[in-house]
Amino acid sequence: MGLKRFFLRKVVAAALTIAVIVCANFFIFRMAPGDPVRMMFRDPRVSEDSLELMKQKFGLDKPLSGQFVAYVKNLAQGDLGISFSQQKPVLEVLAERIPNTLLLVVTALIIAIVLGVILGALAGWLSGTKLDTFILTASVAMYSIPTFALGIILLLVFAYLIPIFPLGGISTPASGFEGFALIRDVGWHMFLPAFSIVIWYIGEYVILTRSSMIEVMGQEYITTAQAKGLRKHNILKNHALRNAMLPVITITGVNLAFATAGVIEAETVFAWPGVGRLAYDAVSQRDYPLLQGVFMLFAFAIVLANLAIDLIYGYIDPRIKVGG
Amino acid sequence: MSQYMSKTNKLQEFLQLLFGHPMGFFGVIIITIFLVMAIFAPFLGTVDPAASGDVDNLLMPPSSQFWFGTDDLARDIWSQTIYGSRISLTIGFVAALITVFSGTFIGLVAGYYGKFLDEVLMRIVDFFMMLPELPLMIVLAAVLGPSMWNIILVVSLVSWPTTARVVRSQVLSLKERPFVESSRCIGASSFQLMFAEILPNVVPLMFAQAVLMITEAIYAEAVLSFLGLGDPTSISWGMMLHSVFESGVISESYWWVIPPIVSIVTLIVSFSLLGTAVSDVLEPGYKEKKGY
Amino acid sequence: MALIDVENLKLYFMTRRGPAKAVDNIGFAIDKKKTLGLIGESGCGKTTTAMSLMKFIKPPGEIVGGSIRFMGKDIVPMTDEQIRQLRGKEISIVRQEAQNALNPVLTIGKQITEMIHEHESVTRETALARAKKQLNLVGISDQRINSYPHEFSGGMKQRAMAAIATACSPKFLILDEPTTGLDVVVQRQILVMLRNLKEELSLTAVFISHDLSVVAETCDRVAVMYAGKIMEESDTVSLYQNPLHPYSKALIGAYPSLKGARKQLKSIPGAPPSLIDPPPGCRFAPRCEWAQSICDEEPAINVIDGRRVACHFVKA
């Protein structure tokens, strides 16, 4: 199939998905009982000026099709409306919070994936042994505990009962920390929320890597490698792992969608000022433009991340790179 | 040999294997406890969980009158915990039922008819699977309004694609099997082939998916309620946590936090263990591996 | 001294219902530069025997008795590390064409050179040059050194396997149904390639197959296996022209000839026995035309003109 055509297909698919998300988003918010957009007019927090602005921008005096056109036009210009509760453009609110979420998520994911893959490969390689059963059972448990429940437990035990960690937030307020002290402070605040996210993710990756490893180990080319008299760690690294990782990389893309759940839950429990927490705030404040913006952000991020992973995968798997 | 076993024997054998599986064993035991809790709720020393009580009894720790203490509206937490199982289990089962049936139907049709219909259905499925689940559920729940049925609807809407895809895969491989060919040769109609021949072979998979979906649904209800999108008229465990969180007294009322958290975690983990056990047992060759 | 000398080999599979005697007290020897064919029905134990020559025994299989001597040294008591050093370097295997016998993410060149580097300390350039030579030896252009397995056809994959297997010039080659599943034209190419390899590298080999004609073309001696035991072992020509054991007779008789008058196909009635509970004495007796009560006793191995036969009624 060749790399170029593969890339092209994936990019087009991603673009289409984004288009559909945009449309779906528009319609979802219109179908609410008590059309939220119309509800804006009755919301006392919205100032007269904002109302006028929105009326113009969103073409609220025009028919639905006109509104849709206005919506798309605004979107293309990066205008996602104005958040009621924050009295700021939604885009601005999102932009402020994205770095905080990235910090939390990227750290958690890296730790979880590395540990998860190592443990999973180990469990798969040693399949059937007691260590494997232990790792598997622990992983199933870790993977099933809801992140917010784990977060609350951690909060109770390690922030209230034994006050090792702070109760929430990203840094100690009004502390004036700079440089290294700031990093340490943020790290201290980040520990528990990151831990909550990591636990779920490790469970998932162990289970995934392990089953991929088990499947690979049953393949003919592993027997061939043994018949060649290769050392065990060579077989593990070049033959087993290299092949086992392929499906793991693919699934990583799909899993990112679940990561959003972990992010929202952890940020809510620990009051981490990221995009996930915004979802909670928007819901409790009935701030629909903000909620819409958050949803689109998450959806777009997933699509783009999936695209990136698909492209990486195409590069790594020789069956696609060289094309059979 | 087993093809000659009657349907009830096969079921018996399946249950035996399941119970013999360590995860299956624990899963079934604990789920049964919760089922008993839910069914016999009124007889377990409970009162109306939503009935707010005397001002004197606000936020009381456990006592002989209130076994698990009271919340910030003087409601009995023991009752809330017991009745909460009803909500979680009901939503879990109903949502799973809807999801599995709709997902199976679509997967069956897509896999069997193939070509254009399959393409279209699978594109829709792919699209849904790409959307982030929790944000989508939050948006839908926020827009549709808080009610138990809306939660069920939202969960089903988000989960059916997984089942559809899984069922379709199996249907695709079953379609090519000789027993389908031979039925087709003797003139069976499409309808008959799909529902009388292929579907029975998909049932084990449906069961595995059902357990998975129950887990997902219970979790979804808990999260959505925790975030404030739950049905305010029914006090689920998630709602309890939401109330604790909102009230800000989380540090002083361990008795309010612990029951719902323990219940949620225990129930979900049990279903998860059961799900793992089910998929292990349904794996071809499991019986032999265990030396039967 | 024979290169391979198997004596009283017993390999059982320990199942819950009792040990399945897959290989039950067999023995044979293969001299240097000779090829022994191992033929028999599916499940007779030939593949198990072949794999055991490299100590490739999948649990629940176990060697419960006997010895396998390679160049005089018994490999049965060897440790995993000792046998690992032998594999690939001294004893190698080419197996049945399997879609996945080659690692899909490594180039053919890499798969050859990694073996060379494992057993010998040579420079990267030397290894690469040798890898190219190997490809040429099996009839593949050395331009394909950086190709991936999925770019090869079935026959080419098989040849690539042979190239990899012989990269370190092993002394002994196990060929486990190397042509099964390939069409006749490709089969011929593979057989020609194998013959070249054997000559070039002075290989000693064991050739497992259920295809009598292929074995006839490639082997010096042939052993006929049935239900875990060797029924007859002799030089190829004698066996095919004048099979002595009733089972060999039936086997060779069942093969239709391309020439001569057309006759009704003959098959052997019945089915192979259970390996967990085999019949006492001669295992072929239940299906044998000439069976009598003495067949309940284990037949001694009679040697006639350098041929070995396990039957009460075939004596010198």
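This is a predicted model: local features need pLDDT of at least 70, side-chain atom pairs count only at pLDDT 80 or more; totals for chains, interfaces and linings use all residues.
Two strands pair if DSSP finds at least two bridges between them.

**Entry 1**

I looked up the strand order first. Chain C holds an open sheet of eight strands with mixed pairing, and the order reads β6-β7-β8-β3-β9-β10-β12-β11. At the edges I find β6 (91-94) and β11 (301-304) of chain C, each of which pairs on one side only. On average, and with direction ignored, neighbouring strands of the sheet are turned by 20° against each other.

I then followed the strands in from β6(C). This strand and β7 (residues 172-176) of chain C are parallel and share four bridges. Within the pair, C:S92 stands opposite C:L173, and C:V94 stands opposite C:L175. On to the next strand: β7(C) runs parallel to β8 (residues 204-209) of chain C, and five bridges join the two. C:F172 has C:T204 as its bridge partner in β8(C).

**Entry 1. Cover on β7(C)**

Is β7(C) mostly covered or mostly open? I find it mostly covered, with five of its five residues buried. In a regular strand the side chains alternate between the two faces of the sheet. I therefore sorted the residues by side, given that rule. C:F172, C:I174 and C:D176 are buried on one side of β7(C), and C:L173 and C:L175 are buried on the other.

Next I checked which helices lie over the sheet. Helix α5 (residues 154-165) of chain C lies across β6 and β7 of chain C and runs at about 175° to β6(C). Helix α9 (residues 246-254) of chain C lies across β9 (221-226) and β10 (229-235) of chain C, at about 100° to β9(C).

**Entry 2. The hairpin of chain C**

I also looked at β1 (residues 4-15) and β2 (residues 18-30) of chain C, which run antiparallel and are joined by nine bridges. The two strands form a hairpin with two residues between them. C:L11 stands opposite C:V23 in β2(C).

**Entry 3. The nonpolar core**

Which residues touch the most other members of the largest nonpolar core? I noted A:L291, A:V294, B:M137, B:I138, C:V206 and C:V224, out of 249 residues in this core. The element that gives the most to the core is helix α8 (residues 190-226) of chain B, with 18 residues.

I took C:V206 for a closer look. Leaving out residues up to four places away in sequence, C:V206 touches C:I30, C:L36, C:L38, C:A50, C:L53, C:I174 and C:L175. Two of these, C:I174 and C:L175, I had already listed as buried in β7(C).

**Entry 4. Chain A against chain C**

The contact between these chains takes 25 residues from chain C and 17 residues from chain A. On the chain C side, α2 (80-86) and α3 (108-119) each supply at least two residues. The largest share of that side, four residues, comes from α3(C). I sorted the side of chain C into 13 nonpolar, six polar and six charged residues.

I then turned to helix α9 (residues 220-227) of chain A, where A:Y221, A:T224, A:A225 and A:A227 are buried. They line one face of the helix, because seen down the axis of α9(A) they fall within an arc of 160°. These buried residues pack against α10 (232-269) of chain A together with β6 of chain C. After α9(A) comes A:G229, with a positive phi near 75°.

**Entry 5. Chain A against chain B**

This contact takes 39 residues from chain A and 33 residues from chain B. Several elements of chain A give two or more residues to the side that touches chain B, among them α1 (3-30), α6 (130-144) and α12 (288-316). That side divides into 32 nonpolar residues, six polar and one charged.

**Entry 6. A:S171**

I ended with a loop residue. A:S171 lies between α7 and α8 (179-217) of chain A.

Note on methods. Residues are numbered from 1 along each chain as its sequence is written. Chains are lettered from A and ligands numbered from 1 in the order in which they are written. A nonpolar core is a set of buried Ala, Val, Leu, Ile, Met, Phe, Trp, Tyr and Cys residues joined through C-beta atoms within 7 Å. A residue is buried if 20 or more other C-beta atoms lie within 10 Å of its own, exposed if 12 or fewer, and partly exposed in between; C-beta atoms are placed from the backbone. Two residues are in contact if their C-beta atoms, placed from the backbone, lie within 7 Å. Ala, Val, Leu, Ile, Met, Phe, Trp, Tyr, Cys and Pro count as nonpolar, Asp, Glu, Lys and Arg as charged, and the others, Gly among them, as polar. Axes are lines fitted to C-alpha atoms, for helices over the stretch in contact, and angles run from 0 to 180 degrees between N-to-C directions. The arc is that of the directions from the helix axis to the C-beta atoms.
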